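Here are some exercises to work through with the model open beside you. Try each one before you read its solution.

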Amino acid sequence: MSLICLPLFAALLCGVLCQYDDYYEPASQLGPSGPNCPEECECPISFPSAMYCDNRKLKYIPIVPSGIKYLYLQRNQIDSIKNGVFDNATDLSWLILDENEIVNSNIGKNTFSKLKKLERLYMSKNKLTEPVGPLPNTLQELKLAKNQISKFPSSLLKGLQNLTVIQLQENELQDDALAGVFQGLNSLTYLDLSTNKIKRMPQDLPSTLEMLYADHNDISKLPDNYLQKLPKLQYLRISHNQLVDSGIPAEFFNVTSLIELDLSFNKMQSIPVVNENLENLYLQVNEINKFDLASFCKITGPLNYSRLRHLRLDGNKITHNDLPVDMSNCLRQASEVIYE
């Protein structure tokens with residue numbers, strides 16, 4: 001691997017989506033529990049709207065008292081959600097059920113739709129074969145990663161106008177299962193479909209989307225004018241797929257909104273044309289054998305140059321001798337170019 005540092009060093013800015021652990025403060029640090037708390041859990045007097053039942057080898061969900069807004073049940077052995085368990089929890093806003101053993105057949109009917117103030121539902125690392133539902137229209141974040149989901153009713157998310165985040169990575173989803181699923185979700189900004197079994201880019205996505213992850217799938221072809229329908233998209237990841245040059249329409253990635261593009265671990269032989277606004281481009285481990293400066297700069301001048309800061313080309317067929325002599329003019333804002 002070789003590294004070139006170019007003039008005008010620019011720092012890499014990383015956006016990180018917080019998980020619940022970033023907001024989570026162990027109950028043991030919050031003092032004694034209140035009198036209405038189930039004996040299996042802790043409800044600190046100093047934080048009376050939270051109920052901590054995480055990591056306790058529980059096989060069931062204790063009855064939740066009224067007034068609880070934040071319920072932590074992750075890392076247990078829960079395999080069912082019985083009817084009525086949340087009847088008193090009319091103020092419940094966060095429900096964290098990650099890392100349990102919940103199966104669809106053991107979830108009571110209308111369990112979640114009764115929670116009229118629910119904003120976050122996290123059920124990653126369970127044994128679900130399809131998403132839970134129906135869901136309340138207050139929901140903002142739905143995280144169902146690392147399950148066994150292969151079916152997705154097309155009407156399940158209909159009307160969820162507050163939904164901004166959907167995580168479905170590491171499931172068993174195929175293209176047909178996603179038909180019409182995301183249509184009409186006019187607040188959606190983040191969608192993760194990585195590590196599934198899809199062969200096409202997801203369709204009917206809302207124009208509000210800012211982050212789309214479809215890496216670790218079996219995508220070999222991209223549809224015409226796909227990104228024109230996503231004018232706010234800033235982060236796109238299609239790495240670890242089967243992309244080849246013939247499957248990428250000309251100028252496909254030449255859109256002004258993109259900030260970061262990851263096409264690593266594919267089968268491309270040339271660098272696709274990208275917009276001058278792109279800041280981070282990852283192309284490592286393809287079959288690229290030519291460095292075409294026109295992919296970054298159609299015209300180079302005082303006001304015409306690429307805003308690219310980081311470019312990875314390692315694991316291709318490019319050597320130092322393949323780098324254009326005027327590369328530093330076009331890529332004048334890049335802090336590094338990694339090749340070989």
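**Exercise 1.** Find how much space lies in the second largest cavity, and say which residues line this cavity.

*Solution.* Start with the space: the second largest cavity holds about 40 Å³. Here a cavity is a set of points, on a 1 Å grid over the protein atoms alone, where a 1.4 Å probe fits but cannot get out, and lining residues have an atom within 4 Å of a point. Grid points are joined across faces, edges and corners, and a volume is the space filled by probe spheres set on the points.

Next, the lining: Tyr 213, Tyr 235, Leu 236, Arg 237, Glu 260 and Asp 262. Strands (E, at least two residues) and helices (H or I, at least four) are DSSP runs numbered from the N terminus.

Finally, sort by class: three lining residues are nonpolar, none polar and three charged. Ala, Val, Leu, Ile, Met, Phe, Trp, Tyr, Cys and Pro count as nonpolar, Asp, Glu, Lys and Arg as charged, and the others, Gly among them, as polar.

A word on the numbers: this is a predicted model, where local features need pLDDT of at least 70, side-chain atom pairs count only at pLDDT 80 or more, and totals for chains, interfaces and linings use all residues. Residues are numbered from 1 along each chain as its sequence is written, and side-chain values use heavy atoms, with hydrogens and water left out.

**Exercise 2.** Describe the lining of the largest cavity by class.

*Solution.* First, the count: there are two cavities of 30 Å³ or more. The largest has a volume of about 50 Å³. Its lining includes the run from Lys 82 through Asn 83, Gly 84, Val 85 and Phe 86 to Asp 87, along with Lys 109, Thr 111 and Lys 114. By class, that gives two nonpolar, three polar and four charged residues.

**Exercise 3.** Which residues lie closest to the centre of the second largest pocket?

*Solution.* A pocket is an open set of grid points with protein on both sides within 12 Å along at least five of seven lines. The second largest pocket has a volume of about 160 Å³. Eleven residues line this pocket, and Asn 36, Cys 43, Pro 48, Ser 66 and Ile 68 are the closest to its centre. Its lining has eight nonpolar, three polar and no charged residues.

**Exercise 4.** Is Ser 113 buried or exposed?

*Solution.* Locate Ser 113 in the loop between strand S4 (94-96) and strand S5 (120-122). Its relative accessible area is 14%, so Ser 113 is buried; buried means under 20%, exposed over 50% and partly exposed in between (1.4 Å probe, protein chains only). Leaving out residues up to four places away in sequence, Ser 113 touches Pro 134, Leu 135 and Pro 136, where contact means heavy atoms within 4.5 Å.

**Exercise 5.** Which residues have the most contacts inside the largest nonpolar core?

*Solution.* A nonpolar core is a set of buried Ala, Val, Leu, Ile, Met, Phe, Trp, Tyr and Cys residues joined through side-chain atoms within 4.5 Å. The largest has 93 residues, and those with the most contacts inside it are Phe 86, Leu 95, Leu 157, Phe 182, Phe 253, Phe 291 and Phe 296. Helix H1 (327-330) and strand S14 (336-339) each supply at least two residues of this core. Another core lies apart from it, with six residues, among them Ala 50, Tyr 52, Tyr 72 and Ile 96.
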